[in-house]
Amino acid sequence: MNTTDLLDQIAFIKEIDKVKYIQRKTKLFNSNRCENDAEHSWHLALMAIVLAEHSDQPIDVLKVVKMVLIHDIVEIDAGDVFIYDTQKSHDNTDEERLAANRIFGLLPKKQGEDMIAIWEEFEEGETNEAKFAKSMDRLEPLLQNTSNDGGTWKEFGVPYKKVYEKKSVIKEGSTTLWNYAEGLINESVEKGILKKE
């Protein structure tokens with residue numbers, strides 16, 4: 001047994017506990033309580049398993065699960081940027097890169113490199129797995145907001161056009177899920193919980 005590797009792995013495990021304290025803007029289904037990053041990642045992982053059959057392309061489900069479980073770990077250092085933030089770009093890749101290097105760097109070298117590679121693949125969004133993982137990441141908050149009478153859309157005055165633009169990423173991973181999501185977006189406008197400009 002390599003004691004150094006084990007101690008490095010335990011240090012990483014302790015560090016990622018901080019993900020549980022990162023509050024997102026989106027609230028849990030039918031709730032006033034904000035979701036944390038750990039809950040979000042767990043939910044996406046289960047969604048990926050359950051909804052995998054709806055991927056437009058063949059995918060390695062385990063790889064998708066790994067992506068969604070680690071994609072927000074960098075927010076321990078970089079913080080969570082609200083997807084509809086008008087002041088700061090949601091793609092804060094420089095800060096996130098530094099965070100990825102530090103946090104995944106706690107692991108034994110090869111394991112850390114593997115985690116960074118999976119995180120980068122998700123960020124780049126080019127592979128079938130990354131496209132499907134990003135679909136999950138955009139679908140979950142849509143489902144939450146529709147269950148919460150508009151949720152963060154209402155709270156922050158997010159218009160239809162912005163929601164449609166951000167959620168359209170779903171179609172890159174699944175036409176079926178995009179058709180469902182688009183229907184929810186349009187229904188939300190009809191119900192008055194999402195405003196067209």
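Modeller: Contact here means heavy atoms within 4.5 Å. Helices (H or I, at least four residues) and strands (E, at least two) are DSSP runs, numbered from the N terminus. This is a predicted model: local features need pLDDT of at least 70, side-chain atom pairs count only at pLDDT 80 or more, and totals for chains, interfaces and linings use all residues. Residues are numbered from 1 along each chain as its sequence is written, and side-chain values use heavy atoms, with hydrogens and water left out.

Biologist: Then start with α6. What covers its buried residues?

Modeller: The cover includes α3 (61-70), α5 (93-104) and α7. The residues in question are G112, I116, I118, W119, E121 and F122. Buried means under 20% relative accessible area, exposed over 50%, partly exposed in between (1.4 Å probe, protein chains only).

Biologist: How do you know that the length of α6 agrees with its residue count?

Modeller: The expected span is 1.5 Å times one less than the number of residues. Helix α6 (residues 109-124) has 16 residues, so it should span 22 Å. Its end C-alpha atoms are 22 Å apart, which agrees. After α6 comes G125, with a positive phi near 65°.

Biologist: Why is R24 called buried?

Modeller: Its relative accessible area is 10%, which is under the 20% limit. R24 sits in strand β1 (residues 23-27). Neighbours within four places in sequence aside, R24 is in contact with C34, E35, N36, D37, H40, D72, D80, E140 and P141.

Biologist: And what makes L62 exposed?

Modeller: A relative accessible area of 54%, so L62 is over the 50% line. L62 lies in helix α3. L62 and E190 are 128 residues apart in sequence and 38 Å apart in space, C-alpha to C-alpha.

Biologist: Which class does N30 fall in, buried or exposed?

Modeller: Exposed, because its relative accessible area is 62%. N30 is in the loop between β1 and β2 (34-36). Its phi is positive, about 50°, although N30 is not a glycine.

Biologist: Which residues of α7 and α11 make the contact?

Modeller: On α7, F132, M136, L139, L142, L143 and T146; on α11, L177, Y180, A181, L184, I185 and S188. By class, that is ten nonpolar, two polar and no charged residues.

Biologist: What makes α9 and α11 roughly antiparallel?

Modeller: Helix α9 (residues 160-167) and α11 pack at about 170°, with axes 11 Å apart. That angle is over 145 degrees, so the two are roughly antiparallel. In this contact, Y160, V163, Y164 and K167 of α9 meet W178, E182, I185, N186 and V189 of α11. The residues divide into six nonpolar, one polar and two charged.

Notes: Ala, Val, Leu, Ile, Met, Phe, Trp, Tyr, Cys and Pro count as nonpolar, Asp, Glu, Lys and Arg as charged, and the others, Gly among them, as polar. Axes are lines fitted to C-alpha atoms, for helices over the stretch in contact, and angles run from 0 to 180 degrees between N-to-C directions. Angles under 35 degrees count as roughly parallel, over 145 as roughly antiparallel, 65 to 115 as roughly perpendicular and the rest as oblique.
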